[in-house]
Amino acid sequence: MAHTLHSFDNGPALAEALADKVAATLSESVTNRGSATLAVSGGSTPKAFFEALSKKPLDWSKVSVTLVDERFVPADNPRSNHLLVATHLLKNAASEAEFIPLYQPEADIEAAATVATDAVSEMGTPLDVVILGMGADGHTASFFPGGDNLEDALDLELPPRVMTMEAAGAGEPRLTLSFSSIADAGLLVVHIEGPEKKSVLEKALSGDDEAEMPIRAVLGRAETPVEIYWAP
Ligand SMILES: O=C1O[C@H](COP(=O)(O)O)[C@@H](O)[C@H](O)[C@H]1O
């Protein structure tokens with residue numbers, strides 16, 4: 001599938017431009033459908049983007065926000081993506097948005113995935129905006145190389161859902177949207193920063209082994225053209 005690379009001089013310029021693009025897409029959905037949906041990633045990269053997006057003037061009370069992936073930890077854990085989003089995105093104008101967590105306080109992660117699947121499915125499909133990150137190992141969402149559920153997670157024939165994932169490189173067990181949940185998003189972005197991530201992207205684009213670098217599934221098979229946002 002096609003992709004477009006948007007390069008910026010620095011992180012703050014990228015954050016502002018991406019926030020403008022996402023806000024415009026969400027506003028359009030609110031105008032056309034009366035509501036909008038957004039799924040964002042965790043990690044260290046999106047903080048400045050979240051801060052910029054949180055200030056964009058749109059009817060956030062009509063916007064539902066969820067995560068692309070999450071560790072199986074409660075929201076007060078410093079490694080929680082929910083905590084990251086609460087701290088950097090769900091404030092200012094965006095404090096009006098509804099947040100749908102992937103972590104659920106169930107006895108085990110499989111039960112949490114079932115509850116989260118029901119909650120996310122109420123957001124409707126396709127999602128309006130999905131923002132993906134990418135790790136140095138070529139993972140995106142929680143599609144990790146060597147992940148125990150990787151094959152099913154990348155299967156576009158399986159229904160959209162929240163899945164569990166365990167992998168050596170993942171730390172805690174993870175909850176992740178399946179590829180079928182994100183591949184048809186209205187706006188599908190891969191947000192990466194730094195020279196190392198650029199090299200990882202170039203390596204991903206030069207091969208086709210998805211088990212080695214799961215980001216290749218997104219770059220190669222997503223129904224929606226991928227918008228890559230990069231800054232040094
Ligand atoms: O584990 C994760 O890492 C990736 C990339 O994070 P970064 O710190 O290198 O920006 C992220 O996209 C994903 O949501 C997160 O769970």
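Biologist: Why is aspartate 59 called partly exposed?

Modeller: Aspartate 59 has a relative accessibility of 34%. Buried means under 20% relative accessible area, exposed means over 50%, and partly exposed lies in between (1.4 Å probe, protein chains only). The value of 34% falls between these limits, so aspartate 59 is partly exposed. This is a predicted model, in which local features need pLDDT of at least 70 and side-chain atom pairs count only at pLDDT 80 or more, whereas totals for chains, interfaces and linings use all residues. Residues are numbered from 1 along each chain as its sequence is written, and side-chain values use heavy atoms, with hydrogens and water left out.

Biologist: What makes the pairing of aspartate 59 and lysine 62 a salt bridge?

Modeller: A salt bridge is a side-chain nitrogen of Lys or Arg within 4 Å of a carboxyl oxygen of Asp or Glu. The N to O distance between aspartate 59 and lysine 62 is 3.0 Å, so the pair qualifies. Lysine 62 is itself partly exposed, at 37%. The whole structure holds 11 salt bridges.

Biologist: Which salt bridges does glutamate 212 form?

Modeller: Glutamate 212 meets lysine 203, with the closest N and O atoms 3.6 Å apart, and arginine 216 at 2.8 Å. Lysine 203 is partly exposed at 43%, as is glutamate 212 at 37%. Arginine 216, at 7%, is buried. Elsewhere, salt bridges that share partners join Glu16, Asp20 and Lys56 into one network.

Biologist: What makes Glu106, Asp108, Glu110, Asp148 and Glu166 a patch of negative charge?

Modeller: These residues gather on the surface. Asp and Glu count as negative, and Lys and Arg as positive, while His and the chain ends are not counted. A patch is made of residues with over 30% relative accessible area and no salt bridge; like charges are joined within 9 Å, and nonpolar side chains (Val, Leu, Ile, Met, Phe, Trp, Tyr) within 5 Å. Aspartate 148 has a relative accessible area of 52%, so it passes the area limit and is also called exposed. Its place is in the loop between strand 6 (129–132) and helix 5 (150–153).

Biologist: Is glutamine 104 buried or exposed, and how do you know?

Modeller: Glutamine 104 has a relative accessible area of 13%, which means that it is buried. The residue is found in the loop between strand 5 (98–100) and helix 4 (109–121). Its side chain reaches the backbone oxygen of proline 101 at 2.9 Å.

Biologist: Why is alanine 112 called buried?

Modeller: Its relative accessibility is 0%, so alanine 112 is buried. Alanine 112 is found in helix 4, and its C-alpha atom is separated by 8.9 Å from that of threonine 164, 52 residues apart along the chain.

Biologist: What makes the backbone at asparagine 92 and alanine 141 worth noting?

Modeller: Most residues other than glycine have a negative phi, and most peptide bonds are trans. Asparagine 92, however, has a positive phi of about 50 degrees, and alanine 141 one of about 45 degrees. Asparagine 92 is partly exposed at 41%, whereas alanine 141 is buried at 5%. Alanine 141 lies in the loop between strand 6 and helix 5.

Biologist: Which peptide bond is cis?

Modeller: A cis peptide bond joins threonine 125 and proline 126, with omega at about -10 degrees. Proline 126 has its place in the loop between helix 4 and strand 6.

How values were computed. Accessible areas come from the Shrake-Rupley method with a 1.4 Å probe; for residues, only the protein chains shown count as cover. The place of a charge is taken as NZ of Lys, CZ of Arg, CG of Asp or CD of Glu. Helices (H or I, at least four residues) and strands (E, at least two) are DSSP runs, numbered from the N terminus. A polar contact is a pair of N or O atoms within 3.5 Å; within protein, one must be able to donate a hydrogen and the other to accept it, and residues adjacent in sequence count only if both atoms are side-chain atoms.
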